[in-house]
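Reader: I am new to this structure. Please show me how to read its features, one at a time.

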Amino acid sequence: SSSSSSSSSSSGRVGRFSDEAFRERMLLLKRFGSKGLLRLLAVDHGLQMPKQLAPMAVEAFRRFLGRAATPGLTAALLLTAAHHNLQQIATEEVKASSRAGPLEQTVDSLIEKTLAACAPHGDGVDVVYNAAVESLLLPYFVEFCRGQYKQEIESYAAQVSTLDLRAPHTWYPYARAIKRKIIYHGGPTNSGKTYNALQSLAAAARGVYCAPLRLLAMEVYEALNHRGVYCDLVTGQEVLKVPGSSHVSCTAEMAALNTHADVAVIDEIQVGVSRE
């Protein structure tokens, strides 16, 4: 009889405070990410995500934790969000867990004492969403995003890396690894600079000509094909493919940086430093 009464009392206690805990947990989760700073805070945890993905990820994370949050996480959220100083309660419960029964009972006790301490007059759980709650949930949010939005995050990280201008000495590792000979040919107009460069280009097995203007690219495209050196044309306005081509004549911004060339000609290279 005594055993039956104890079991019934325990069930009633768990049902009572778990309803309150669920309600408060959902209120806290509803506030998660409401200030729109999560995307910046996540960078500290090594996560970069596109701006348009963040609101969708936050909403999905709220729904996920609404279903999957453990009693232990619920207790931690309530402790973190409580107005009162509940550190002593948590410390005592952690110490007691090493001497008491199963972990499940310890978590139940922790939740119950948290709720009791937050509402000493029976007015409900007085908890406030704060920066500490956000810091507690942030690592879970980061791991959730890495699992649910892996492709989007990896694609965005690749795009961001192309905009990082802090370490130019690490760019183009393949080009830096191969043995290259760089020739700068300077001189007055009509001194044979481009002519000599195009002679070397035509003799190469694979080559690319980069021009500052579309008309120059078109001129070299026609000249090489006229000589029997099959060459493609690639500009911002048009792309002309020649079957079996081994060369490309392009405007500089359209150059394929991941393609090997035996000879690469950059015409009017001084234009690259012009503000115009």
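Reader: How many of the five residues of strand β4 are buried?

Author: One note before that. This is a predicted model, where local features need pLDDT of at least 70, side-chain atom pairs count only at pLDDT 80 or more, and totals for chains, interfaces and linings use all residues. Residues are numbered from 1 along each chain as its sequence is written, and side-chain values use heavy atoms, with hydrogens and water left out. Buried means under 20% relative accessible area, exposed over 50%, and partly exposed in between (1.4 Å probe, protein chains only). Helices (H or I, at least four residues) and strands (E, at least two) are DSSP runs, numbered from the N terminus. Now the case: in β4, residues 247-251, four of the five are buried.

Reader: Which strands does β4 join, and how do they run?

Author: Strands of a sheet pair through backbone hydrogen bonds, either parallel or antiparallel. Two strands pair if DSSP finds at least two bridges between them. Here β1 (residues 207-211) runs parallel to β4, with five bridges. Valine 234 has cysteine 250 of β4 as its bridge partner. Cysteine 231 is opposite histidine 247 in β4.

Reader: What is the strand order of the sheet?

Author: The order is β3-β2-β4-β1-β5, in an open sheet of five strands with mixed pairing. The edges are β3 (239-240) and β5 (263-266), each pairing on one side only.

Reader: Which residues have the most contacts inside the largest nonpolar core?

Author: A nonpolar core is a set of buried Ala, Val, Leu, Ile, Met, Phe, Trp, Tyr and Cys residues joined through side-chain atoms within 4.5 Å. The largest has 30 residues, and Phe32, Met49, Leu137, Phe141, Cys145 and Tyr149 have the most contacts inside it. Two or more residues come from each of α1 (2-31), α3 (54-68), α4 (71-81) and α7 (131-148). Helix α7 gives the largest share, seven residues. Another core lies apart, with 15 residues, including Tyr209, Ala217, Val220 and Leu224.

Reader: Where is tryptophan 171, and is it buried or partly exposed?

Author: Tryptophan 171 is in the loop between α8 (150-162) and α9 (173-177). Its relative accessible area is 31%, so tryptophan 171 is partly exposed.
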